Amino acid sequence: MTEETLLEAIDKMEKAVEHVQGQFATVRTGRATPALVEKLMVEYYGADVPLQQLAGFQVPEPRLLVVKPHDRNALGAIEKAIRDSDLGVAPTNDGMVIRLSFPALTEERRREYVKLAKHYAEDGRVAVRNIRRDARKHIEGAEKNHEISADELDRAEKEMEKITHEHVDKIDKALARKEHELLEV
């Protein structure tokens with residue numbers, strides 16, 4: 001029973017780490033990357049659709065992102081969604097593709113993005129700790145119901161601590177990489 005709880009907690013913690021890394025990918029670093037726009041919602045024939053379902057992406061240069069819609073009729077809607085987003089780039093439409101030219105980030109903007117990344121990391125750490133707390137409650141409940149011994153409870157709690165620290169470290173390392181990437185000029 002404790003193994004089940006630990007495995008479930010590990011799985012949830014892995015998902016929390018992946019989520020944080022996904023959020024880091026959406027933080028602009030001065031380089032063009034499809035992750036910046038692929039989750040943008042585009043109104044397409046009356047429904048909101050993620051941009052990644054409507055277009056392909058290319059990065060021919062470090063600061064240029066090319067969005068090529070699968071359907072030319074979606075070009076205007078995609079351009080509007082990008083313009084309305086908080087990316088801070090003006091889309092250039094040539095009738096076939098949309099080009100996004102990313103300007104170099106100012107020092108102040110870089111600092112803001114570092115703060116945002118730190119906020120995402122803290123949210124991830126809190127999620128991992130909440131998963132630990134829920135797993136601990138579950139294991140303690142099993143011990144109260146005499147399903148496991150006090151020794152098993154102690155062993156499981158130590159293992160849970162170790163697993164939690166590993167996942168928090170993963171988030172911290174991802175944050176350090178993102179911070180380095182953001183402050184690199």
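Guide: A salt bridge is taken here as a side-chain nitrogen of Lys or Arg within 4 Å of a carboxyl oxygen of Asp or Glu. The model is predicted, so local features need pLDDT of at least 70 and side-chain atom pairs count only at pLDDT 80 or more, while totals for chains, interfaces and linings use all residues. Residues are numbered from 1 along each chain as its sequence is written, and side-chain values use heavy atoms, with hydrogens and water left out.

By this rule the count comes to 19 salt bridges. Glu122, Arg125, Arg129 and Asp172 are linked in a network of them. Another salt bridge joins Glu181 to Lys178, with the closest N and O atoms 3.5 Å apart. Both residues lie in helix α5, three residues apart, about one turn of the helix; helices are DSSP runs (H or I, at least four residues), numbered from the N terminus. Lys178 is buried, at a relative accessible area of 7%, whereas Glu181 is partly exposed, at 30%. Buried means under 20% relative accessible area, exposed over 50%, and partly exposed in between (1.4 Å probe, protein chains only).

As for the interior, a nonpolar core is a set of buried Ala, Val, Leu, Ile, Met, Phe, Trp, Tyr and Cys residues joined through side-chain atoms within 4.5 Å. The largest such core has 24 residues, and Met13, Phe24, Val128, Met160, Ile171 and Leu182 touch the most other members. Two or more residues each come from α1 (2-25), α4 (107-144) and α5 (150-183), and α4 gives the largest share, eight residues.
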